[in-house]
Amino acid sequence: MKQPGNAVAFFRRADGTLTGYRAEGHTGYAEAGSDIVCAAVSALTQSTLNGLRSVLKAPVMFEIDERSARLEAQLTPEATPEQVAQAQLLLRTLLEGLQAIERSYPRNVRIFFEERR
């Protein structure tokens with residue numbers, strides 16, 4: 001059974017390297033349009049996607065579905081080892097920011113990890 005709140009999955013390899021993330025759902029903290037928790041999660045996840053694509057120029061597969069409040073982004077296999085290494089800075093910064101939100105709003109944001117190749 002799905003719990004209320006926004007869930008953020010971080011994709012990682014067996015060695016701990018982060019390769020992407022998926023944020024989905026509404027936080028349920030407040031009404032749409034005035035939900036500061038949802039706005040914070042959205043700003044962090046969208047900024048990270050922009051950084052991966054525009055700043056690092058890393059090959060990223062992504063999908064945004066505003067209707068279901070879902071954003072998924074993952075480095076593609078074409079990413080060079082250097083791009084993967086640089087992406088760690090952005091992905092780990094995203095993780096740190098979302099963990100801070102999760103600590104303050106544990107009923108509204110949940111973070112977990114999925115092993116991926």
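Reply: Thr 19 has a relative accessible area of 3%, so the residue falls under the 20% limit and is buried. The model is a predicted one. Thr 19 belongs to strand S2, which covers residues 18–24. Setting aside neighbours up to four places away in sequence, Thr 19 is in contact with Phe 11, Arg 12 and Arg 13, with Ala 73, Gln 74 and Leu 75, and with Leu 91.

In soluble globular proteins, nonpolar side chains tend to be buried together. Here the largest nonpolar core has 25 residues, and Leu 75 is one of those that touch the most other members, along with Val 8, Phe 10, Tyr 21, Val 60 and Leu 98. At least two residues of this core come from each of strand S1 (6–12), S2, H1, S4, helix H2 (81–104) and S5. Helix H2 gives the largest share, seven residues.

At residue 24 the picture turns to charge. Side chains of opposite charge can pair when their charged atoms come close. Glu 24 and Arg 70 form a salt bridge through their side chains, at 4.0 Å from N to O. Glu 24 is in strand S2 and Arg 70 in strand S4 (residues 70–75), so-called distant parts of the chain that are 46 residues apart. Glu 24 is partly exposed, at 24% relative accessible area.

Arg 70 also meets the side chain of Glu 72 in a salt bridge, at 2.4 Å from N to O. Glu 72 is buried, with a relative accessible area of 15%. Glu 72 in turn forms a salt bridge with Arg 116, at 3.7 Å. Arg 116 lies in the segment after strand S5 (109–115) and Glu 72 in strand S4, so this pair ties together parts that are 44 residues apart in sequence. Arg 116 is partly exposed, at 25%. These residues belong to one network of salt bridges, made up of Arg 22, Glu 24, Glu 63, Arg 70, Glu 72, Glu 114 and Arg 116. The total number of salt bridges is eight.

Arg 70 has a further place, in the lining of the largest pocket. That lining has 16 residues, and those nearest the pocket centre are Ser 42, Gln 46, Ala 69, Arg 70 and Leu 71. The largest pocket holds about 260 Å³ of space. S2, H1, strand S3 (60–65) and S4 each supply at least two lining residues, and H1 gives the largest share, five residues.

Ala 69 deserves a note on backbone geometry. Most residues other than glycine have a negative phi. Ala 69 has a positive phi, near 55°. This residue sits in the loop between S3 and S4 and is buried, at 19% relative accessibility. Lys 57 also has a positive phi, of about 60°, and is not a glycine. Lys 57 lies in the loop between H1 and S3 and is exposed, at 58% relative accessibility.

Past the end of S2, Thr 27 lies in the loop that runs to helix H1 (36–55). Thr 27 is buried, at 2% relative accessibility. Its side chain makes a polar contact with the side chain of Asp 35, at 2.6 Å. Leaving out residues up to four places away in sequence, Thr 27 touches Asp 35, Val 37 and Cys 38, and also Gly 5, Asn 6, Asn 108 and Val 109. By contrast, Leu 90 is 63 residues from Thr 27 in sequence and 23 Å from it in space, C-alpha to C-alpha.

How values were computed:
Residues are numbered from 1 along each chain as its sequence is written. This is a predicted model: local features need pLDDT of at least 70, side-chain atom pairs count only at pLDDT 80 or more; totals for chains, interfaces and linings use all residues. Side-chain values use heavy atoms; hydrogens and water are left out. Helices (H or I, at least four residues) and strands (E, at least two) are DSSP runs, numbered from the N terminus. Buried means under 20% relative accessible area, exposed over 50%, partly exposed in between (1.4 Å probe, protein chains only). Contact means heavy atoms within 4.5 Å. A polar contact is a pair of N or O atoms within 3.5 Å; within protein, one must be able to donate a hydrogen and the other to accept it, and residues adjacent in sequence count only if both atoms are side-chain atoms. A nonpolar core is a set of buried Ala, Val, Leu, Ile, Met, Phe, Trp, Tyr and Cys residues joined through side-chain atoms within 4.5 Å. On a 1 Å grid over the protein atoms alone, a cavity is a set of points where a 1.4 Å probe fits but cannot get out, and a pocket is an open set with protein on both sides within 12 Å along at least five of seven lines; lining residues have an atom within 4 Å of a point. Grid points are joined across faces, edges and corners, and a volume is the space filled by probe spheres set on the points.
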